[in-house]
Amino acid sequence: MWIYEKKLQYPVKVTTCNPMLAKFLIEQYGGADGELSAALRYLNQRYSIPDKVIGLLTDIGTEEFAHLEMIATMIYKLTKDATPEQMKAAGLGDHYANHDNALFYHNAAGAPWTATYIQAKGDPIADLYEDIAAEEKARATYQWIINMSDDPDLNDALRFLREREIVHSLRFREAVEILKEEKDKKRIF
Amino acid sequence: MFTLYKTHRPFVGPFDPCPPIRVKSFSTPPNLYIGFQPNNFPQFTPMEALRAGTLWKPLYDPYYNSRELAKGGNPL
């Protein structure tokens, strides 16, 4: 069960009217390394992972939905008042033809989200290593989007999201250490 | 000196079609070096932490594009 707080994890402010940024941001909405993939991956893997790290996957998976909301808000703000002509000029003509100004789970190139983006191997180490890789890939995606964006307020929120990827990656790495059961154990050589 | 960004110099050929970028950099965030977070890690104040995206000072690693860096970034 979840409790919903009717606010964003971090305020989303967009300064400039630049619908093309929405085209790039949608990579983090419905892309392979996006927030939807992350949330569904962790919240699904947690059933078969050892008890010690279930809570971690629940917490991080839940937070990923908070990030998804932030990304959705960014995309919505950037496109809600865009005319068909502006959508076309921003490279969103094919999106507009199918979805008007609605959001949809696809990546920056328009490929719809697919469950093949995520995996649950059942092997705890394999799953946690996939999760670490996913966090690093999401971190890199945020870097590439920041590199293309000149919107100071948007970049501020994107920096926050990138920092969360760094923290999540460390927590997954710690989960691996917990499962290795070497922490604080006396090692005799 | 310890840094969270590393650089490498890719090969530049005599017939490269585009002007070469001689030094390329990539991010090596703090999570790579911490392993298991020790007790009593330095903390931000709660208000700073909400802005930074982390409570833990050693985990803070903001990313700026080159245009932002030219303006000095926006340090916390």
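**Rings, helices and a few loop residues**

Let me start with one residue: B:Phe2 is exposed, with a relative accessible area of 57%. Buried here means under 20% relative accessible area, exposed means over 50%, and partly exposed is in between, using a 1.4 Å probe and protein chains only.

Some housekeeping. This is a predicted model, where local features need pLDDT of at least 70 and side-chain atom pairs count only at pLDDT 80 or more, while totals for chains, interfaces and linings use all residues. Residues are numbered from 1 along each chain as its sequence is written, chains are lettered from A and ligands numbered from 1 in the order in which they are written, and side-chain values use heavy atoms, with hydrogens and water left out.

Aromatics next. A search of the whole structure, over all chains, turns up eight aromatic pairs. In A:Trp113 and A:Tyr117, the ring centres are 6.2 Å apart and the planes stand at 85°, so this pair is edge-to-face. The cut-offs: rings of Phe, Tyr and Trp (its six-membered ring) pair if their centres lie within 6.5 Å, and planes under 30 degrees apart are stacked, over 60 edge-to-face, the rest tilted. A:Trp113 is partly exposed at 21% relative accessible area. A:Tyr117 is partly exposed, with 21% relative accessibility.

Back to B:Phe2. Its ring pairs with that of B:Tyr33, with centres 5.0 Å apart and planes at 85°, so that pair is edge-to-face. The pair links distant parts of the chain: B:Phe2 sits in the segment before strand E1 (5-8) of chain B, B:Tyr33 in helix H1 (residues 31-34) of chain B, and they are 31 residues apart. Helices (H or I, at least four residues) and strands (E, at least two) are DSSP runs, numbered from the N terminus. B:Tyr33 is partly exposed, at 42% relative accessible area.

The charged end of B:Lys6 sits over the B:Phe2 ring, 5.6 Å from the ring centre. That label requires NZ of Lys or CZ of Arg within 6 Å of the ring centre and within 35 degrees of the ring normal.

Now chain A as a whole. There are eight helices and zero strands. The C-alpha atoms fill a box of roughly 70 × 35 × 30 Å along the principal axes. Of the 189 residues in chain A, 47% are buried. Take the contacts in chain A with a separation of 6 or more: residues 24 or more positions apart account for 77% of them. Contact means heavy atoms within 4.5 Å.

How do the helices pack? In chain A, helix H3 (residues 35-45) and helix H4 (residues 51-79) pack at an angle of about 160°, with their axes 8 Å apart. That makes H3(A) roughly antiparallel to H4(A). Axes are lines fitted to C-alpha atoms, for helices over the stretch in contact, and angles run from 0 to 180 degrees between N-to-C directions. Under 35 degrees is roughly parallel, over 145 roughly antiparallel, 65 to 115 roughly perpendicular, and the rest oblique. The H3(A) and H4(A) crossing is left-handed; that is, the near helix is turned anticlockwise from the far one by less than a right angle, with clockwise being right-handed. Residues of H3(A) at this packing include A:Leu36, A:Leu40 and A:Leu43, and those of H4(A) include A:Phe65, A:Leu68 and A:Ile71.

The axes of H4(A) and helix H8 (residues 152-180) of chain A come within 11 Å and cross at roughly 165°. H4(A) is therefore roughly antiparallel to H8(A). This H4(A) and H8(A) crossing is also left-handed.

On to helix H6 (residues 93-99) of chain A, which holds A:His99. A:His99 is buried, at 16% relative accessibility. Beyond its neighbours within four places in sequence, A:His99 contacts A:Phe104 and A:His106.

A:Asp100 lies in the loop between H6 and helix H7 (124-148) of chain A. Most residues other than glycine have a negative phi. A:Asp100 has a positive one, near 55°. A:Asp100 is partly exposed, at 43% relative accessibility.

B:Asn40 is not a glycine, yet its phi is positive, about 55°. B:Asn40 is in the loop between H1 and H2 of chain B and is exposed, at 77% relative accessibility.

Last stop: B:Asp61, in the loop between helix H2 (46-52) and helix H3 (66-70) of chain B. Buried or exposed? Buried, at 3% relative accessibility. Leaving aside neighbours within four places in sequence, B:Asp61 contacts A:Arg162, A:Glu163 and A:Ile166 in chain A, and B:Leu4, B:Tyr5, B:Ser27, B:Pro29 and B:Pro30 in chain B.
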